[in-house]
Amino acid sequence: MKPETINKEKLLPLTQSQLLMWAGQKLYPDAPFYNMAHSFDIEGRINTDIFQKAFAELIVSCDALRTVFREENGLPGQYILAEVPFELPLMDFSGKDEQSIRQWLQERSEQIFDLDRPLFDSVLIKAGEERFIWFLNLHHLVTDATSSTILYEAMNKLYTSFLEGNEEDRAAEVFSFEDYIRFETGQEEKNTENIAYWKEKIKVLRSEPKLYGNNKTVKTSRTDRVSVSLGKERTEKLKTLIAQPEVRSWTQDLSLFTVFTTTLFAFLYRVSGQKTLAIGTPSHNRPTKKFKQTPGVFIELYPLIAGIEDNDSFLSLLQKIKTETNDYLRHAQPGCSSAETGRSFNVVLNYINASFSDFNGYPMNSEWIHPSHCDPMHHLRCHVQDMDASGIIELQFDLNKDVFNKDQIQAVPGHFLQLLDAFIADMETPLSKPVLLTDKEISSYFTEDIKTENKIKPLIERFEENAAAYPDRTALVFKGESITFEELNNRSNQLARYLKDQGADDGKTIAVYLRRSPDYIISLLAILKAGGNYVPIPSDYPLKRIDFILEESNASVLISHSELADKLNEREVPLLCLDKEQEKILKEGTENLKLEADPEALAYTIYTSGSTGKPKGVMISHKALDSYINWAAEYYHTGEAFNFPLFTSIGFDLTVTSTFLPLISGGKLLIYGEAVSGPDMSLLNVLEDNQVNSIKLTPSHLSLIAGTKFSDSGIRTMIVGGEDFKTSLAATIAEAFDNKIRIYNEYGPTEATVGCVVHNFDPEKDKEEASVPIGKAIPGMQALILDEYLQPVPQGVIGELYLGGSGLANGYANRPELSRERFIEHPQLPGERLYVTGDLARSDGKGNLHYLGRKDEQVKLGGIRIELAEIEANISELENIDESVVVMIDKKKGADEEVKNCTECGLPSNFPSVDFNEEGVCHLCTTFKGYEEKTKKYFKDPKELKEILTTSTENNPEYDCLTLLSGGKDSTYVLAKLMDMGLRVLAFTLDNGYISDQAKANIDRVVTQLGVDHIYGDTPAMNEIFVDSLHRHKNVCNGCFKTIYTLSTRIALEKKIPYIVTGLSRGQFFETRLTEELFWDEDVDIREIDNTILEARKIYHREEDAVCKLLDVSMFENDNVFEKVQFLDFYRYNDVSLEEMLRYLKEKISWVRPTDTGRSTNCLINQVGIYVHKKEMGYSNYAFPYSWDVRMGHKTREEALDEIDEPIEEKEVFRIMEEIGYKLPEESSSDSNKLIAYYTGDEKRSSSELRQELGKSLPGYMIPVHFKHMEALPLTPNGKIDRMALQDLNDAQLSMDTPYVAPQTEIEEIMAEIWAEVLKMDKVGIHDDFIALGGHSLAAIRVTARMNEAFEMDFALNTVFEYPTIAEFSKHIENTIMELL
Amino acid sequence: MNRILINYISGELIGGSEDVAINADDDLLGSGLVDSLGMMKLVLFIENEFQLKIPPEDMTIENFMTVECISNYLETRIQNNTATVK
């Protein structure tokens, strides 16, 4: 096809749908995802001449086939060509096999269309004497499903008529798409309400569902299509279902549509766990009879939104969908879709009710050929169709390859059908009930064998072998003294015999209440050798708890030391004091006892926090302990003997690894005793001594040491367990050890013996995830992810983790009921048990499990499991307390508390130091009203600007001014206006590497159109500047702005341009420089304000930040640069309303609002700044500037709030962070989590008393940090205690606890008050550094002005930088006063 | 009332190339004469024409199957409306 001459007068705009497709295609120019190809397989002899003639006539009668798209001044337009000479190619494939025909069709369907040529491709293929295939491919810009049938029927009719010789009988009346374009344009005004409806509608959507847990960034448009026929039987059943009165809608199609939509919603809910979901679905959008017969693209996509509740059944969800569909139909009016509505969903349901008839009386089979690509925004598309009117419905799923792996792509239709079948079988079925996996998948899921075949060597046997093999090797080191293997074995044999003498042998429980010491190890070995089992009791347990454990465990002996035992209460259990009975023990024989323990017999019982208020004992057998420790010895083996430190609590099952691993493998155990009082600093000693090569610890331990380098450390193996292990922490630690260590994440509740799922951390492969995977089950163990009906969930989907195998505990001591509840019968393996962990997890494509948190109220603090209910039960027992609730608060969650917004400007209540009056108006708004009038003096007349810029232009060598062009509306408008003035303008844009494509296109278009000289500035230091800005200001904009000012000033200097004109908005003036202090004077002197601002600019350019370090800023050293190049703010002289600006831009300039940045900005990195600011400060960095825009009347409050609330794509944010090399500050998990107790009772009780009393029954780590007396506990609507509300209440209270050095003198007090107010802090200590507190030039203006007022002084702006602390500055003030006197 | 409805339906809603004559007792829904988007257009037309709101629970086959059904439904609605006004 040759390019045609275009009749310019026929330029037509694009419809809303076309605009979105056009933009989509522009973003992915090489992806054929808008190709709509059909093959019509005709069983009959076709007269090819006539077919060709008919096709030529089809082109003549359908303007859609003659439409081309061209960009004119950057705006897309469509033209209808008068004629398109085209001869339908004929191809002879007869004799070729089916495969090669299909392959040809597939390849041809994926050809990219050139948008400025007619957007169709067609071929007639002869596949045999009696078989012809008509291939027709159109770009979606000119067609849709209905359009395909119209074209097909028109062709059918033309061919038949021509064949009969009725040359005159043209095609059936085919209407022109041009009419629709005009119709839609006319609809805009009628539809404002509907447009607003959709805008409001999508606000409930927070984040798109992560299908099968996938949270990768979707980059590819490549998709696989999998088709599945519902089959005759199922289609019939479906028709019966939709005839039910509860299901039935207006029409059969509508009924089917709601059933499929309901099923798809159920599917999304099941594979993502998300409850607020959106599905995009096309409205055919052919509102009149005429448009129903017009070829062209009419469809528009709108979302259907469902809020699913956990107890919804298919029927109850269907009822919601019916109402939702009603609203959908009511509001899906022509031209109301937008980029925003289009972005609100990542799943599309396409219910196609078009079908093709026979061709010229010959049977015809059609196929809609998938071009192997889809818009990447659509992760899943489900097409429902029966295009050949066969009466059997076919489903096609188009699945994005970044979202779904190969297995999942094959599995999706099966999972969908499982739900559909459950729906058909019983519409009252709960959505969560049907099994998603097919029978085949289920049988392959349970293949893991959990029977251990080899007999595992008992721990004691392995230890004794080592003692015989290396008698002189050091086994234990404690306080500089060593004990050899032989000695250790001899001494434990002696103690074992002594225990037997006391009757503490076979099956007897022996409590061990000792500090970490050789005696502790000897005791454990002795107990096991004697055939008993041990209960470790840490030395720091409160007496009440010890009493409970001793009694509950039914211990027959208590091994201790007199130093500890003396403190104990009266008790029944006989005491064995190792120090007192030492002599007698040493008289026993030293040879091995050679008892063989029953594998099922108990080895130890560890007491963990229990929800009833009392700890519960987890009973571990020899078999479980032996299998774990043998596995660990083999798995963690490096070729070197294990040298472990023993430094964690003996009451914590994590410690089991360090305790036994060295002893059974011929290594060394270095014992670090606990501190007698105060916090345990053993870990630091371990690292300092540097005597070990392996260590077992918790992520909380690692947080403590993060930030320090350990290049010289000998640690090579690090086993981490106990709690969620963040990838960022793991990476930091790996780096701290120069990547010379292997880090393992070992997961396992006490009930499954220390560890049973493990993953070797890989900094490269694991970096995509927030937490290190917990990995795969160890041999002999099974880790299953099941739903609430104990059915396996598909790969990727979140479920509850269940554990089975030889490592399971025997149960809970004396708690048969609880044991039955937590250790259930294995649903697949009779005779086996499963432990219900209560942990949520999912598996990834590589078979690794990922831990995702707890299902219930149980929390972990520093790796130790805590039942909040246990603490609550203990508090409630205390005197004068009625009821209590304990919550663990996570400081990071402070941002979640309910935020109110100023009723006038929208400023959020979490903005620092904001104050609201009774009407909900913020103090900034009320104050501004007081000086607003005065600020008017600051603004000037447009004429003045013109005068400044146009006088003495003859002196300027090349340009009269330089203007900063960001590509946004404000700066574009400024540029255009400057050109209007007839000036010689140089436009400058900083290419920060993240300008969106569309914004760049805008810039290029605008400068070409205006014929202005334009340069892009850039710097290799940009990323470093971003990182610095994120650390310093928690946003990227400050760094970017400063770079722009620096680079543009340099250019202006070089080119001798006297003025730089900025496009800063009036809101930005107030945000960045016009502080209220500048208007305090009754008689405001504008020249003085200008001087102050100029001084501030000097300081600004001399601040020591990344820009100062990395760019050439030497020019700012000399004050005269500020005279040679002056900054003029365009909007200081011009007040332009948004409507006026947009109208001007629309009419005069080809400026289009970018749609590819996801928000109203030109810059893709912007959202990183917003993300970091929100995370660190709790509110958006735009909250403050926008509040000024609202005050200025340049935005409405609603617009400002809308823009601030726009969702952020976290994945993209993380990707950019990595790209620029920014790391979010590491928060130590032990610091951020705190236990807070709330209680009711007649009176408030002293916290220290409560702490003290509670300390008698609970260990220190379970005692809340704060106690708050409440009149009543807040309740949820269901009457349950509202724990969320309690967590929110706390944040403010906690912020009071920040330590600081209080001001001492009167001057210091006044200063501290001023600083705190300006820097928006609660308190400022006298030694806090102004710059470190975030003080910059703007803050300097405000602080200096206020201090000058308070002390009646006249300090220069930079004084605060010379004396940057309150202590120093106040001294300076005193000295100055002294001098004056 | 039937006439107004028939005019609107045959003039604006019905697809297909030939003009179809509509009778008051023709099945609009089962026959596929009017699709769901068309029905919603009809609802909007009625709401506008007769100044009333049709709630989703009233959008049933029983009320909308034929022009006759629609007229009956509307008459009840209009009567009820005037009744409440009185």
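In the model, which is a predicted one, the crossing of helices α8(A) and α11(A) is right-handed. The contact between these two helices draws on A:T263, A:A266 and A:F267 from α8(A), and on A:H415, A:F416, A:L419, A:L420 and A:F423 from α11(A). Sorted by class, this contact of α8(A) with α11(A) comprises six nonpolar and two polar residues, with no charged residues. Helix α8 of chain A spans residues 252-272 and helix α11 of chain A spans residues 406-425, and the two pack at an angle of about 125° with their axes 9 Å apart. Because angles of 65 to 115 degrees count as roughly perpendicular and those over 145 as roughly antiparallel, this value makes α8(A) oblique to α11(A).

Chain A also contains an open sheet of five strands, arranged in the order β40-β39-β38-β41-β42, in which the pairing is parallel. From one strand to the next, the twist averages 30°. Within the sheet, strand β38 (residues 961-964) of chain A and strand β39 (residues 985-990) of chain A run parallel and are joined by four bridges, and A:L964 stands opposite A:F988 in β39(A). Helix α28 of chain A, formed by residues 969-980, packs on the sheet and touches β38, β39 and β41 (1059-1062) of chain A, its direction making about 160° with that of β38(A).

When neighbours within four places in sequence are left aside, A:V1125 is in contact with A:T1049, A:A1052, A:L1053, A:P1058 and A:I1060. A:V1125 and A:R1050, although 75 residues apart in sequence, are 9.2 Å apart in space from C-alpha to C-alpha.

Another open sheet of five strands in chain A has the order β24-β25-β26-β27-β28 and shows mixed pairing. Its edge strands are β24 (694-697) and β28 (776-777) of chain A, each of which pairs on one side only. Strand β27 of chain A, covering residues 757-760, runs antiparallel to β28(A), to which two bridges join it; A:V758 has A:K776 of β28(A) as its bridge partner.

Chain B contains four helices and zero strands, and its elements follow the pattern α-α-α-α when read along the sequence. Of the 86 residues of chain B, 24% count as buried. Among the contacts in chain B with a separation of 6 or more, 62% are accounted for by residues 24 or more positions apart.

The contact of chain B with chain A takes 17 residues from chain B and 18 residues from chain A. On the side of chain B that touches chain A, the elements giving two or more residues are α1 (2-13), α2 (36-50) and α3 (61-64) of chain B, and α2(B) gives the most, with six residues. By class, this side of chain B has 11 nonpolar, three polar and three charged residues.

Technical notes: Residues are numbered from 1 along each chain as its sequence is written. Chains are lettered from A and ligands numbered from 1 in the order in which they are written. This is a predicted model: local features need pLDDT of at least 70, side-chain atom pairs count only at pLDDT 80 or more; totals for chains, interfaces and linings use all residues. Axes are lines fitted to C-alpha atoms, for helices over the stretch in contact, and angles run from 0 to 180 degrees between N-to-C directions. Angles under 35 degrees count as roughly parallel, over 145 as roughly antiparallel, 65 to 115 as roughly perpendicular and the rest as oblique. A crossing is left-handed if the near helix is turned anticlockwise from the far one by less than a right angle, and right-handed if clockwise. Two residues are in contact if their C-beta atoms, placed from the backbone, lie within 7 Å. Ala, Val, Leu, Ile, Met, Phe, Trp, Tyr, Cys and Pro count as nonpolar, Asp, Glu, Lys and Arg as charged, and the others, Gly among them, as polar. A residue is buried if 20 or more other C-beta atoms lie within 10 Å of its own, exposed if 12 or fewer, and partly exposed in between; C-beta atoms are placed from the backbone. Two strands pair if DSSP finds at least two bridges between them.
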